[in-house]
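Reader: I'm new to reading protein models. Could you walk me through this one?

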Amino acid sequence: MSRETESKMGEDTARQLLSQFQGKILPPSHPDVVRVVQIASKILEHTPPELREKKWEFYVIDSPQVNALSLPSGQIFVFTGLFPVTQSDDGLAM
């Protein structure tokens with residue numbers, strides 16, 4: 001599968017998730033979103049340049065679901081149900 005195809009599929013999935021969880025996506029200024037961005041930024045410092053240069057978008061969804069996912073088009077979704085399970089920034093980073 002080409003990178004273009006992967007990216008297109010990721011964009012389609014992102015649109016579906018944004019629609020599905022409309023009204024449950026926390027604003028960028030919310031402390032949980034700020035925390036996710038800070039943790040991801042630290043991880044990205046240690047990745048290959050092509051990943052660091054990608055335009056990443058972060059979404060935190062207010063839901064008890066214990067899940068997180070990263071799409072090849074650059075969107076990262078984290079559900080708030082994951083926070084109590086991970087218990088720390090290091091746990092969430094993993």
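Reader: Which element gives the most to the lining of the largest pocket?

Author: First, this is a predicted model, where local features need pLDDT of at least 70 and side-chain atom pairs count only at pLDDT 80 or more, while totals for chains, interfaces and linings use all residues. Residues are numbered from 1 along each chain as its sequence is written, and side-chain values use heavy atoms, with hydrogens and water left out. Helices (DSSP runs of H or I, at least four residues) and strands (E, at least two) are numbered from the N terminus. With 5 residues, the top contributor to the lining of the largest pocket is α2.

Reader: Is Leu-18 buried, exposed or partly exposed?

Author: Leu-18 sits in helix α1, residues 3-20. Buried means under 20% relative accessible area, exposed over 50%, and partly exposed in between (1.4 Å probe, protein chains only). Leu-18 has a relative accessible area of 27%, so it counts as partly exposed.

Reader: Which residues does Leu-18 touch, leaving out those up to four places away in sequence?

Author: Contact here means heavy atoms within 4.5 Å. Leaving out residues up to four places away in sequence, Leu-18 touches Ile-25, Tyr-59 and Phe-77.
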